[in-house]
Amino acid sequence: MSTDKNAHRCYTDDLKGVTTDIFKFEEIIKRDLLYVDKTKYIYDLVRSMDRSFFFLSSPRRFGKSLFCSTLHSLFDGRKDLFKGLYIENETDYSFDKYPVLHFNFANLSKISYEDFEGSLQDMIAFEADKGAGIADLERMSPARMLRILLPRIAEKTGKGTVIIIDEYDDPLTKAILERYDYTDKMRILLNDFFSVIKNSSEYIRF
């Protein structure tokens with residue numbers, strides 16, 4: 001057994017700390033923690049002109065939430081956070097600011113169907129205000145809210161919206177595992193919600 005009093009230190013003055021529980025890109029950069037630069041892959045995605053929709057699948061704890069957060073910071077125009085990284089050093093990326101709707105479906109309530117629908121409505125309204133400055137979005141079905149919101153964002157900003165969905169499968173996975181009696185209604189609601197995204201490519205940047 002090591003008796004070195006420094007054996008269990010997370011970092012030293014010469015070695016950056018490694019986090020296992022921080023998933024926000026901005027926080028990792030500002031705390032000067034170790035970040036594995038994946039911005040080359042992000043650049044390859046965001047410069048693609050032949051498609052707007054991407055589905056990223058990987059096992060748990062493989063950094064999907066951090067990847068989503070990094071995308072958010074990029075499309076939010078936060079060039080200051082990317083200093084020294086590949087996309088800032090080696091590419092001509094412009095770091096233009098876009099309206100961003102960033103949904104984390106793990107944060108949706110699943111106590112009842114009404115709570116689930118209501119929490120998704122709240123999430124859409126919050127992101128509309130935070131990401132695009134639209135604070136008067138009327139509460140209705142989530143699909144209708146999104147269908148109304150995307151053209152309004154385009155009209156207000158003159159830009160397409162960036163939509164990021166993290167933990168997209170969490171509501172249905174939990175509902176199936178817990179045998180909720182509203183799983184079918186939840187599936188229909190989510191299908192309608194994703195269908196709006198699929199059919200609104202003219203309003204979507206990424």
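Biologist: Let's start with arginine 179. Is arginine 179 buried or exposed?

Modeller: This is a predicted model, so keep that in mind throughout. The idea is to look at the relative accessible area, where over 50% means exposed. Arginine 179 has a relative accessible area of 76%, so it is exposed.

Biologist: And where is arginine 179 in the chain?

Modeller: Arginine 179 is placed in the loop between α7 and α8. Its backbone has a feature to look at too: phi is positive, about 55°, although arginine 179 is not a glycine.

Biologist: Which residues make the contact?

Modeller: From α7 come Pro171, Leu172, Ala175 and Ile176, while α8 brings Thr183, Met186, Arg187 and Leu190. Sorted by class, the contact has six nonpolar residues, one polar and one charged.

Biologist: What about the strands? How do β1 and β2 run?

Modeller: For strands, check the bridges and the direction. Strand β1 (residues 100-104) is joined to β2 by five bridges, and the two run parallel. If you want a spot to look at, asparagine 104 stands opposite aspartate 166 in β2.

Biologist: Why is strand β2 described as largely enclosed by the rest of the structure?

Modeller: Count its buried residues, meaning those under 20% relative accessible area. In β2 (residues 162-166), four of the five residues are buried, so the strand is largely enclosed by the rest of the structure.

Biologist: Can we try that on a helix residue? Is glutamine 121 buried or exposed?

Modeller: Glutamine 121 counts as buried, because its relative accessibility is 15%. It belongs to helix α5 (residues 113-132). Leaving out residues up to four places away in sequence, glutamine 121 touches Arg139, Met140, Ser141, Pro142 and Met145.

Biologist: Now a loop residue. What does glycine 77 touch?

Modeller: Glycine 77 touches Phe95, Asp96 and Lys97, again not counting residues up to four places away in sequence. Glycine 77 lies in the loop between α3 (64-75) and α4 (86-89), and with a relative accessible area of 26% it is partly exposed.

Biologist: Let's step back. How many helices and strands does the protein have?

Modeller: There are eight helices and two strands. Starting at the N terminus, the order is α-α-α-α-β-α-α-β-α-α. The C-alpha trace spans about 60 × 45 × 30 Å along its principal axes.

Biologist: And what do the totals look like for burial and contacts?

Modeller: Of the 206 residues, 39% count as buried. Among contacts with a separation of 6 or more, 62% come from residues 24 or more positions apart. The accessible surface is about 12900 Å², and carbon and sulfur atoms account for 49% of it.

Methods. Residues are numbered from 1 along each chain as its sequence is written. This is a predicted model: local features need pLDDT of at least 70, side-chain atom pairs count only at pLDDT 80 or more; totals for chains, interfaces and linings use all residues. Side-chain values use heavy atoms; hydrogens and water are left out. Buried means under 20% relative accessible area, exposed over 50%, partly exposed in between (1.4 Å probe, protein chains only). Two strands pair if DSSP finds at least two bridges between them. Contact means heavy atoms within 4.5 Å. Ala, Val, Leu, Ile, Met, Phe, Trp, Tyr, Cys and Pro count as nonpolar, Asp, Glu, Lys and Arg as charged, and the others, Gly among them, as polar. Accessible areas come from the Shrake-Rupley method with a 1.4 Å probe; for residues, only the protein chains shown count as cover.
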